[in-house]
Amino acid sequence: MDHFADRLRAAPQSRLQRGAAAEALALARELARWSQVLESPGVEPRVMPDGGMFAAADQITVAGRDLAVVLTSEEEVAEAVRLVAEAQKRAGV
């Protein structure tokens with residue numbers, strides 16, 4: 001997650017506009033949703049707002065660290081790592 005965020009921060013604006021920022025926001029929203037479900041089962045998760053393309057790296061960092069605190073198994077950690085790797089690949093950074 002930190003590597004993906006660092007790559008986003010170093011990416012040119014044109015790459016962010018071509019979809020890297022949107023991919024990062026989608027990942028941040030998924031990680032945030034997952035952590036909310038684990039923390040508050042039965043409560044409707046809130047959607048992470050779009051903070052703009054230059055905030056996308058920070059959003060995945062915050063959402064990923066929040067999720068890391070509540071994961072309880074190696075399988076969950078492996079799934080989170082897979083989600084981040086796939087999103088980074090799709091983002092092209």
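Predicted model: local features only at pLDDT ≥ 70, side-chain atom pairs only at ≥ 80, totals over all residues.
A quick word on conventions. Local features here need pLDDT of at least 70 and side-chain atom pairs count only at pLDDT 80 or more, while totals for chains, interfaces and linings use all residues. Residues are numbered from 1 along each chain as its sequence is written, and side-chain values use heavy atoms, with hydrogens and water left out.

Let's start with the fold. The protein has four helices and zero strands, where helices are DSSP runs of H or I with at least four residues, strands are E runs of at least two, and numbering goes from the N terminus. Along the sequence that reads α-α-α-α. The radius of gyration is 13 Å, close to the 12 Å from the globule rule for 93 residues, so the protein is as compact as a globular protein of that length. That radius is taken over C-alpha atoms, and the rule is 2.2 Å times the number of residues to the power 0.38. Along the principal axes, the C-alpha atoms fill a box of roughly 40 × 25 × 15 Å.

How do the pieces meet? Taking contact as heavy atoms within 4.5 Å, 77% of the contacts between residues at least 6 apart in sequence join residues at least 24 apart.

Now to the inside. Of the 93 residues, 39% are buried, meaning under 20% relative accessible area with a 1.4 Å probe and protein chains only; exposed is over 50%, and partly exposed lies in between. The largest nonpolar core has 27 residues. By nonpolar core I mean buried Ala, Val, Leu, Ile, Met, Phe, Trp, Tyr and Cys residues joined through side-chain atoms within 4.5 Å. Helix H1 (2-10), helix H2 (13-39), H3 and helix H4 (74-91) each supply at least two of its residues, and H2 gives the largest share, nine residues. In soluble globular proteins, nonpolar side chains tend to be buried together.

Which residues have the most contacts inside that core? They are Phe4, Leu8, Leu27 and Ile60.

Let me finish on Ile60, which sits in helix H3 (residues 56-70). Ile60 counts as buried because its relative accessibility is 0%. Beyond its neighbours within four places in sequence, Ile60 contacts Met1, Phe4, Ala5, Leu8, Ala24, Leu27, Ala28 and Leu31.
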